Amino acid sequence: MFHHILTIIYRNFKRFRSTFLINLIGLSTGLACAIVIYLWVADETRIDRFHEHGDRLFQVMTNQNRPDVIVTLGEGPGMLEDELPAAFPEIEYAVGSSGIGDFITLSTPNKNLQATGQFAGLHYFEIFSFPLLEGNPKDVLKDEKSIVLSQRMALALFDTDKDVVGKALEWKVPGYTEQVMVSGIFEDINPMSSLQFDFVLPYDVYEDFMRSMGSLSWGNHNAVTYLLLKEHTDVALLNDKIRGFVRKHDPTSNLTLFLKPFGDNYLYSKYENGKIAGGRIVYVR
């Protein structure tokens, strides 16, 4: 049967060469496009879906109630990391975070490399599935004089990713230098992660800096807060409870809080007047 089909195809090719080639090229192009589109859609829908505790992982979002519009942001007051778990027992861990651009330089005696990093709270490597090659997830960010490096950055700075914990380096910004000790090495970040960085510094360092600037207050919305909720938490009920939390501390605040599943951030990022209004999901659809 298969031989018979091949014979018919060959005969048609001999009789209608130009038409056959046009059809073949068109079919091949169509199939190639369909496969590429499928692969792209599959990748888009997997972004941030690999975290072990993804079903309990949320980001604290803020709505700013302005006179003519509601503006939705992913940042809020820096103190939420400490204040939210103290007020709501449904929260297992709260982790503050602030991204650092590529203006920081990491230095060893022989190397000076620009890198992109994050300030992150103590439980960062417990709530996110960024595996550590060296170090304990519970305490790699415990000491303000510590730094956690990616495998790639460890190799670039020390020419090895083995036995790097305990080695010293400096991080620098214009006009400021801080010496720190490597407390852990994490695997290079999964390409399916929307969070990409080369190193992590303790969130306490960020808080100290903001405090020294007089900017650590309920009126400044400059930090991202992630929550790991306890099992079987009623998210809708918790949302109702935290909505007016900032106003309890600052009656003049125009902020209201709500929780968003972390896994939805990449595809559902666009808000209009406080309501979800699309994002990259539009292209995927």
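Predicted model: local features only at pLDDT ≥ 70, side-chain atom pairs only at ≥ 80, totals over all residues.
Strands here are DSSP runs of E with at least two residues, helices are runs of H or I with at least four residues, and both are numbered from the N terminus. Residues are numbered from 1 along each chain as its sequence is written, and side-chain values use heavy atoms, with hydrogens and water left out.

**Strand residues and their contacts**

- Thr256 counts as buried at 13% relative accessibility; buried means under 20% relative accessible area, exposed over 50%, and partly exposed in between, with a 1.4 Å probe and protein chains only.
- Setting aside neighbours within four places in sequence, Thr256 is in contact with Met61, Thr62, Asn63, Asn65, Arg243 and Arg247, where contact means heavy atoms within 4.5 Å.
- Over in strand β4 sits Ala120, which is buried with a relative accessible area of 0%.
- Not counting residues up to four places away in sequence, Ala120 touches Gly96, Ser97, Leu141, Val200, Leu201, Pro202 and Tyr203.
- Ala120 and Arg152 are 32 residues apart in sequence, and their C-alpha atoms are 19 Å apart in space.

**Nonpolar cores**

- In soluble globular proteins, nonpolar side chains tend to be buried together.
- A nonpolar core is a set of buried Ala, Val, Leu, Ile, Met, Phe, Trp, Tyr and Cys residues joined through side-chain atoms within 4.5 Å.
- The largest such core has 43 residues, and Leu106, Ile147, Leu149, Leu169 and Phe199 have the most contacts inside it.
- Strand β3 gives the most to this core, with five residues.
- Leu149 touches residues including Leu106, Leu157, Phe158, Leu169, Val182, Phe186 and Phe199, with residues up to four places away in sequence not counted.
- There's also a second, separate core of 21 residues, which includes Tyr124, Phe125, Val140 and Phe186.

**Aromatic pairs**

- Rings of Phe, Tyr and Trp (its six-membered ring) pair if their centres lie within 6.5 Å; planes under 30 degrees apart count as stacked, over 60 as edge-to-face and the rest as tilted.
- The count by this rule is 19 aromatic pairs.
- One of them is the tilted pair of Tyr124 and Phe128, at 5.0 Å centre to centre with 50 degrees between the planes.
- Phe128 also makes an edge-to-face pair with Tyr226, at 5.0 Å centre to centre and 85 degrees between the planes.
- The Phe128–Tyr226 pair links distant parts of the chain, 98 residues apart: Phe128 is in the loop between α4 (124-127) and β5 (132-134), and Tyr226 is in strand β10 (residues 224-229).
- Tyr124 is buried at 0% relative accessible area, Phe128 is buried at 2%, and Tyr226 is buried at 4%.
- Ring pairs link Phe50, Tyr124, Phe125, Phe128, Phe130, Phe186, Phe197, Tyr226 and Phe262 into a cluster.

**Helix α6**

- In helix α6 (residues 203-212), Tyr203, Val205, Tyr206, Glu207 and Met210 are buried.
- The cover over these buried residues includes α3 (80-87), β3 (91-108), β4 (111-120), β7 (168-173) and β9 (199-202).
- After α6 comes Gly214, whose phi is positive, near 70 degrees.

**Salt bridges**

- A salt bridge is a side-chain nitrogen of Lys or Arg within 4 Å of a carboxyl oxygen of Asp or Glu, and the count by this rule is 14.
- Arg280 forms a salt bridge with Glu44, with the closest N and O atoms 2.8 Å apart.
- That pair links distant parts of the chain, 236 residues apart: Arg280 is in the loop between β13 (275-276) and α9 (281-284), and Glu44 is in helix α2.
- Arg280 is partly exposed at 33% relative accessible area, whereas Glu44 is buried at 7%.
- Glu126 and Lys138 form a salt bridge with their closest N and O atoms 3.5 Å apart; Glu126 is buried at 16%, while Lys138 is exposed at 53%.
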